[in-house]
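Dear colleague,

I am handing over the structure we spoke about, together with my notes on it. Please look through the model first and then read on.

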Amino acid sequence: MPNLNETLYFIVNPRAGNETSMKVWKKVEKVLKSNAVHHEVFFTAEKGHASRLTAEILSGTDRDTRIIAVGGDGTINEMLKGALPFPHAILGSLAAGSGNDYVRGIQKTKGVAQALRLFQDNAHKAIDIGQYETDGMDGYFMNSLGMGIDAEISAEADRSRLKKWFNLVKAGKLIYLILFLKQLFTYKPGSMELVVDGEIHMLKKVWFIVIANQPYFGGGMKISPQSKLHDGRLNIIAVHDIALLKLLAVFITVLWGGHLKIKNVDSFSGKMIKMKNHGSAKIQSDGEIVGKDQVAAAVLTDKIRVMIKD
Ligand SMILES: Nc1ncnc2c1ncn2[C@@H]1O[C@H](COP(=O)(O)OP(=O)(O)OP(=O)(O)O)[C@@H](O)[C@H]1O
């Protein structure tokens, strides 16, 4: 086991949370300086930069190294990609995005002070992640991978001016609720084939299928209450063949994870999953659009070390 690199590295995405992340960073920097915590900070200049910065930091040392995202789920997802070749990587995140499901469901800290204490304690564990392949491209997810209305919402949230406004009034996740209500009336659910560890399920009128590595998605919805970070499995939730009113009930009950009791909200668990849509549907990975129509995913057990509050 290598020694610990005492420096805390921060990668700030100045665009996260519609640019509210810089406020978070200024607050954090003050605390670090007043407590004489040795740290270095890097700022991302474009999409994909967090991945390269992570790899650069890690290739300069062979000691256990803590790198912290100051951003949202997209930022820590990029850092994961950069960190995977380096077994001495230990990742963490300060919630500075819109949804922040990584901090909510994996790291489980509330607020900056609690997160900073965790980083300094250096309590960490290896967790499972998901790997996917779609249209010849592969990638990884820590939170979830979904096809259907959830991906439509992610895509629209990215473009929406409302997201900026909601972030400014610290209600970033409300945008997902509003866009969901809009999608209810515009999205056309189609047939999908779902294969879980070789078992085929043909589903009609599918609103979405989500492969979840942790309980939360969409900025705090408890989509997969049974997901565990160390079980070597992924959970799958499929919502299909359901009338509009019942779908609204799904949306309300998902806030506490009660939606699984509703008919045609099916859940599965497995290690290798394939999804194929017989129309056209977008695919999201940790909230970013990565493809459409067809995807294969698999769990990678105990693949990355992250700082975790038990
Ligand atoms: N300097 C930059 N300019 C433009 N985009 C950037 C820059 N740095 C990072 N990005 C991109 O910003 C996107 C959004 O980042 P992130 O997901 O962390 O924030 P968010 O969308 O506000 O939060 P969440 O995903 O939790 O809702 C990512 O796709 C990332 O690649």
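Leaving aside its neighbours within four places in sequence, with which residues is N100 in contact? The contacts of N100 are G72, D73 and A95, where two residues are in contact if their C-beta atoms, placed from the backbone, lie within 7 Å. Before going further, please note that this is a predicted model, in which local features need pLDDT of at least 70 and side-chain atom pairs count only at pLDDT 80 or more, while totals for chains, interfaces and linings use all residues. Residues are numbered from 1 along each chain as its sequence is written.

To stay with N100 for a moment, this residue is found in the loop between β4 (89-95) and α5; helices (H or I, at least four residues) and strands (E, at least two) are DSSP runs, numbered from the N terminus. N100 counts as buried because it has 24 C-beta neighbours inside 10 Å, the rule being that a residue is buried if 20 or more other C-beta atoms lie within 10 Å of its own, exposed if 12 or fewer, and partly exposed in between, with C-beta atoms placed from the backbone. Although N100 and E6 are 94 residues apart along the chain, 26 Å is the separation of their C-alpha atoms.

Now to the domains. The protein is divided into domain 1 (4-122) and domain 2 (132-300), with bounds that come from an automatic or database domain assignment. The centres of the two domains, taken over C-alpha atoms, are separated by 26 Å, and 16 residues of domain 1 are in contact with 21 residues of domain 2. On the side of domain 1 that touches domain 2, the elements giving two or more residues are α1 (16-19), α4 (73-83) and α5 (101-107), and α4 contributes the largest share, six residues. By class, this side of domain 1 has four nonpolar, eight polar and four charged residues; here Ala, Val, Leu, Ile, Met, Phe, Trp, Tyr, Cys and Pro count as nonpolar, Asp, Glu, Lys and Arg as charged, and the others, Gly among them, as polar.

The largest nonpolar core has 79 residues, and I11, V70, M79, L80, L91 and I209 touch the most other members. Such a core is a set of buried Ala, Val, Leu, Ile, Met, Phe, Trp, Tyr and Cys residues joined through C-beta atoms within 7 Å. Strand β9 (residues 199-212) gives the most to this core, with eight residues, and at least three residues are drawn from each of domain 1 and domain 2. Not counting residues up to four places away in sequence, L91 touches I67, I76, M79, L80, A83, I304 and V306.

E19, in helix α1, has a phi near 75°, a positive value in a residue other than glycine, and E19 is partly exposed, with 14 other C-beta atoms within 10 Å. D135 lies in the loop between β5 (124-134) and β6 (137-141) and has a positive phi of about 50° although it is not a glycine; D135 counts as exposed because it has 12 C-beta neighbours inside 10 Å.

Finally, the annotations. In the model, the end C-alpha atoms of residues 234-256 lie 20 Å apart, and the span is 43% helix and 30% strand. N235 sits in strand β12 (residues 234-240) and counts as buried, with 23 C-beta neighbours inside 10 Å. Beyond four places in sequence, N235 touches A212, S224, Q226, S227, S267 and S269.

With best wishes
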